[in-house]
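Reader: Please show me the model, and then let me ask on what grounds each term is applied.

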Amino acid sequence: MSKAISRRDFIKATGAVGAAGLLAACGGNSGAASSSAPASSAAAASVEAVGGLSSDPVTLTMSWWGGESRHNAYQDAIKAFSAEHSNITVNPTFAAWSGWEDTMSTKFAGGVAEDVCQINWNWLYNYSKNGQTFVDLNSTTDYLDLSQWDEAQLAACNVANAQQCVPVSMTGRIFYWNMTTFNKAGITEVPKSLDDLMAAGKTFQEKLGDDYYPLHLGAYDRMILMVFYLESKYGKDWADPTTSTLNYTADEIAEGIDFIKSLVDGHVIMSLPTYYGSNGDNAAHQSTEWITGKLAGCFEWDSSATKYQDALDEENKPGFTVGEEIKFGDYNGGFSKVSMGLAITKTCEHPAEAATLINFLLNEEAGASIMGSECGIPASKAGLAAAQAAGAVKELVAEANGKVMAFVSNKLDPLFESNDLKANGTGVYQEVFDTVDYDNKSGADVVDILLDGMDAVGYTVE
């Protein structure tokens, strides 16, 4: 394990984002109320409403992670918001995902997070399980129209009896393929079964060479596909979505790990040491192998379709294809989840203005038409209609999202994405699959590493 450990140490040293320069919460005065929207549920009636909008100058802060196109969309939408609300200035903070949760967890702990935060769904449990960090949005329904979301979507973001965020979009994983490379190997159809995947691995190696692979999976991708495989075979959620009680035995999980190992052994996916040797900590879409078509597939979020297509060089870009979900057993495996949410921190001194900003971005035509599908297919009904009318929903993302939502049948528990488990380079999932690849270990050899890590973050492992 010495090589795997050294990699995790490398990520700790170079990938963590420091806490220097953290922004403080907004300041200013509150005043009279203006626009209103009806409360979406009876729960709102029991929550004290926030103060009204101010007529004085107000400054809000907002944070998000993402790629360049998302950064541009948010900034353009914020400009449009400030044009309509001339007394409100919004100061943004944004970056790529790498290291972002470490940065935000430090801010949440210190009470210095931005007023409006783009958050992962599980952050509600990690950083506000008692409702201590985020405002109950039922108190903001004069400014944020919660009726635009389905009750089930809102319920997924209701923690500690508080509506702590609203979902920006719903998402799941699907296969993307570079058919330019597949065609070079003489394969004309996307893989639709495990047999297809295994056959493609052999064909790539024989016809294109040892440095061509039909699929790429990082450590966290491997964990998600392993769960997808087990759910396909056994027809049960990975864990209880409420209690996080694990539903699989050690033997079943070892079988899932061996399934991933079989993809490495069958030349379907590149071993992690080989990938690290060429790319270090770079994400797959940033790798030369993906850009030039040597890695001809990935298993990614539906909202990432255009990011992976845009990364390809001109020869390979035309071959980008949204694949089909693969049924590895008698059941439809995989899960959907709240892709991300927008929340207001309790340190914000202007929650009415913050709620007005969220409503503009997600529900109003002027904002939602700019945001489009940069954060996935909008979950807000009004937002989706506005984005579609503006032609701002990317066809690839819509295709991928439609295929995911029509197929997946399982629920995600809130501990699956705990940072101690999924963190790139340092998480337990990384340790498990690094060990398998570096030391040629079987599932039975490493299953206890995974189970001990899950137990440590709060899973009930029976």
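**Terms and grounds**

Author: The chain averages a pLDDT of 90, and 90% of the residues score at least 70; pLDDT is the predictor's confidence in each residue, from 0 to 100. This is a predicted model, in which local features need pLDDT of at least 70 and side-chain atom pairs count only at pLDDT 80 or more, while totals for chains, interfaces and linings use all residues. Residues are numbered from 1 along each chain as its sequence is written, and side-chain values use heavy atoms, with hydrogens and water left out.

Reader: Over which residues does pLDDT stay under 50?

Author: Over residues 1-45. For that stretch the model has 92 contacts beyond four places in sequence, a contact being heavy atoms within 4.5 Å.

Reader: What makes up domain 1 and domain 2?

Author: Domain 1 is 58-170 + 337-397, and domain 2 is 172-336 + 408-457; the bounds come from an automatic or database domain assignment. The contact takes 16 residues from domain 1 and 18 residues from domain 2.

Reader: How much area do domain 1 and domain 2 bury between them?

Author: About 1,500 Å², 54% of it on carbon and sulfur atoms. Buried area is the accessible area (1.4 Å probe) that two parts lose on being put together, summed over both.

Reader: Why is the meeting of the Glu417 and Lys337 side chains called a salt bridge?

Author: The term requires a side-chain nitrogen of Lys or Arg within 4 Å of a carboxyl oxygen of Asp or Glu. Glu417 and Lys337 meet at 2.5 Å, N to O, so the pair qualifies.

Reader: Which parts does the salt bridge of Lys184 and Glu315 tie together?

Author: The side chains of Lys184 and Glu315 meet at 2.8 Å, N to O. Lys184 lies in helix H6 (residues 179-184) and Glu315 in the loop between helix H12 (305-311) and strand S8 (320-322), so the pair ties together parts 131 residues apart in sequence. Helices (H or I, at least four residues) and strands (E, at least two) are DSSP runs, numbered from the N terminus.
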